[in-house]
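Q: Can you walk me through this fold and its salt bridges? I'd like the cut-offs as we go.

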Amino acid sequence: MSTKFFVVALATAVLSAKAMAAPGHFARPPDAAGAVAAPQLDRAAVRARLATARAANLARFRAYQHKGVFPSNTYDDARLNVWRDRDGHLCAAATIIDASGASDLVARVAADDNFIRLGDVTDGPVMDWMLTSGFTQLEISVIQEPFMNVSEPRDRHLVDARARREENQRLARTYAEVTRVLVAAEKESLDLATDRLMQHPELARHLVTAR
């Protein structure tokens with residue numbers, strides 16, 4: 001699908017956040033034996049932590065754009081999500097996760113599923129990171145823009161300089177537009193991200209209590 005489609009989908013999703021939001025704190029009630037329930041989560045505290053994470057991750061995304069070094073798709077003629085290329089260059093999402101302090105997770109993904117599509121992830125440590133990132137999963141899937149092939153015609157393992165320049169220009173435009181939408185959608189996206197994380201009380205509690 002095109003980047004334009006993803007950006008439109010993102011804008012549509014976040015602008016309808018209030019209608020989609022599921023209220024409630026999702027605290028676990030006492031069991032039948034009268035055991036004491038875990039402390040109720042403070043939604044405002046969870047949202048505040050997510051807002052801090054979002055700001056930091058957005059800054060990392062901007063730094064990635066400023067550096068202007070992107071992975072090369074020398075694997076497939078079609079557009080492809082490349083987590084880490086043969087030269088060790090990371091995609092935008094991987095770079096953000098790496099810069100957040102989860103380098104081991106980034107390395108595991110590169111070794112186990114280098115063409116991962118973050119929009120398809122449903123559980124596990126990558127999902128946990130997304131839930132605590134301050135972004136929605138849709139936003140992260142948009143940040144993880146798939147790459148055009150930049151191989152030389154005579155050897156697909158070699159990068160064609162002209163194709164690389166054109167791809168850099170395309171990515172710079174795409175990432176600038178994605179950043180614009182992320183900034184415009186901050187409030188609604190944080191509401192959605194908070195609602196989603198509140199459905200995972202232990203993970204939310206860990207985020208709130210982490211130093």
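A: Helices (H or I, at least four residues) and strands (E, at least two) are DSSP runs, numbered from the N terminus. On that basis the elements run α-α-α-α-α-α-α-β-β-α-α-α from the N terminus on, and the protein has 10 helices and two strands.

Q: What should I know about the model and the numbering?
A: This is a predicted model, where local features need pLDDT of at least 70 and side-chain atom pairs count only at pLDDT 80 or more, while totals for chains, interfaces and linings use all residues. Residues are numbered from 1 along each chain as its sequence is written, and side-chain values use heavy atoms, with hydrogens and water left out.

Q: How much of the protein is buried?
A: Of the 211 residues, 43% are buried. Buried means under 20% relative accessible area, exposed over 50%, and partly exposed in between (1.4 Å probe, protein chains only).

Q: And what share of contacts joins residues at least 24 apart?
A: Among contacts (heavy atoms within 4.5 Å) between residues at least 6 apart in sequence, 72% join residues at least 24 apart.

Q: OK, salt bridges. How many does a search find?
A: The whole structure has 13. The criterion is a side-chain nitrogen of Lys or Arg within 4 Å of a carboxyl oxygen of Asp or Glu.

Q: What does Asp-191 pair with?
A: Asp-191 bridges to Arg-47, with the closest N and O atoms 2.9 Å apart. Asp-191 is in helix α9 (residues 186-197) and Arg-47 in helix α3 (residues 43-67), so this pair ties together parts 144 residues apart in sequence. Asp-191 counts as buried at 17% relative accessibility, and Arg-47 is partly exposed at 23%.

Q: What about Glu-145, buried or exposed?
A: Buried, with a relative accessible area of 2%. Glu-145 forms a salt bridge with Arg-170, closest N and O atoms 2.8 Å apart. That pair links distant parts of the chain, 25 residues apart: Glu-145 sits in the loop between α7 (137-143) and β1 (151-152), and Arg-170 in helix α8 (residues 161-184). Arg-170 is buried too, at 16%.

Q: Which residues do shared partners join into one network?
A: Arg-79, Glu-145, Glu-167 and Arg-170, through salt bridges that share partners.

Q: Back to α10. Which residues are buried there, and what covers them?
A: The buried ones are Leu-203, Ala-204, Arg-205 and Leu-207. Their cover includes α3, α6 (125-131) and α9.

Q: How do α3 and α8 pack?
A: At an angle of about 165 degrees, with axes 11 Å apart. That makes α3 roughly antiparallel to α8. Axes are lines fitted to C-alpha atoms, for helices over the stretch in contact, and angles run from 0 to 180 degrees between N-to-C directions. Angles under 35 degrees count as roughly parallel, over 145 as roughly antiparallel, 65 to 115 as roughly perpendicular and the rest as oblique.

Q: Which residues make that contact?
A: From α3, Arg-54, Leu-58, Phe-61, Arg-62, Tyr-64 and Gln-65; from α8, Tyr-175, Ala-176, Val-178, Thr-179, Leu-182 and Val-183.
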